[in-house]
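I opened the model to look up its charged pairs and its nonpolar core. My notes follow in the order I made them.

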Amino acid sequence: MRPLVSLLSLGILATSIHAGDSVSGKFTGEGKPSKLAFASSRKDETFKDKPYIMLYFTEKDPHGSTKFANGDFGCALTISIENDGKIAGCQVTHSGFTKGGFWTANNIKMTEFKKAGGRLTGKISTGGEQTTLNKKWDVEITFDVKAP
């Protein structure tokens, strides 16, 4: 398993919003819905000669920001994927959680992942409500972002 330490963990956000980038679907924390409105991607570091991509899905616009910290952009999913779309880790931040978010690599899957025409598309789901570290969450989103 890839370590969950990345440039994101160090508080560096090197991403930009592009026309046509989108995210839609459901993201709840403790039963409370959120509206993810912004999507972006960037290259992440390489681990054991394997490159990774970071996907950002946020409630508030991160455009122009240089740092990313829990809650800076409202509810958010920050997902590290391998080049084939396999999820290596996911940071889950939601206003429904009273004691902060968490990182997980369990209970969340990517399907219908495509990398074509300079774009990344796919579906990300928990397959229903999950409980991680005593926090209930549910994700069912579809995305389309410019490839980094």
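Entry 1. I began with Lys50 and Glu82, whose side chains meet in a salt bridge at 3.5 Å, N to O. By salt bridge I mean a side-chain nitrogen of Lys or Arg within 4 Å of a carboxyl oxygen of Asp or Glu. Lys50 sits in strand β4 (residues 50-58) and Glu82 in strand β5 (residues 76-82), so this pair ties together parts that are 32 residues apart in sequence. Strands here are DSSP runs of E of at least two residues, numbered from the N terminus.

Entry 2. I noted the source before going on. This is a predicted model, in which local features need pLDDT of at least 70 and side-chain atom pairs count only at pLDDT 80 or more, while totals for chains, interfaces and linings use all residues. Residues are numbered from 1 along each chain as its sequence is written, and side-chain values use heavy atoms, with hydrogens and water left out.

Entry 3. I checked accessibility for the first pair. Glu82 is buried at 12% relative accessibility, whereas Lys50 is partly exposed at 37%. The cut-offs are under 20% relative accessible area for buried, over 50% for exposed and in between for partly exposed, with a 1.4 Å probe and protein chains only.

Entry 4. I counted salt bridges and found five in the structure. Which residue does Arg119 pair with at 3.0 Å? The partner is Asp21, with 3.0 Å between the closest N and O atoms. Arg119 is in strand β9 (residues 119-125) and Asp21 in the segment before β1 (22-29), so the two tie together parts 98 residues apart in sequence. Asp21 counts as buried, at 14% relative accessibility.

Entry 5. I then found a salt bridge between the side chains of Arg119 and Asp144, at 2.8 Å, N to O. Asp144 lies in strand β11 (residues 135-146) and Arg119 in β9, so the pair ties together parts 25 residues apart in sequence. Through shared partners, salt bridges join Asp21, Arg119 and Asp144 into one network. Asp144 is partly exposed, with a relative accessible area of 26%.

Entry 6. I turned to the largest nonpolar core, which has 27 residues. Such a core is a set of buried Ala, Val, Leu, Ile, Met, Phe, Trp, Tyr and Cys residues joined through side-chain atoms within 4.5 Å. Among the residues with the most contacts inside this core are Leu55, Leu77 and Phe143. Strand β11 gives the most to this core, with five residues.

Definitions and conventions:
Helices (H or I, at least four residues) and strands (E, at least two) are DSSP runs, numbered from the N terminus.
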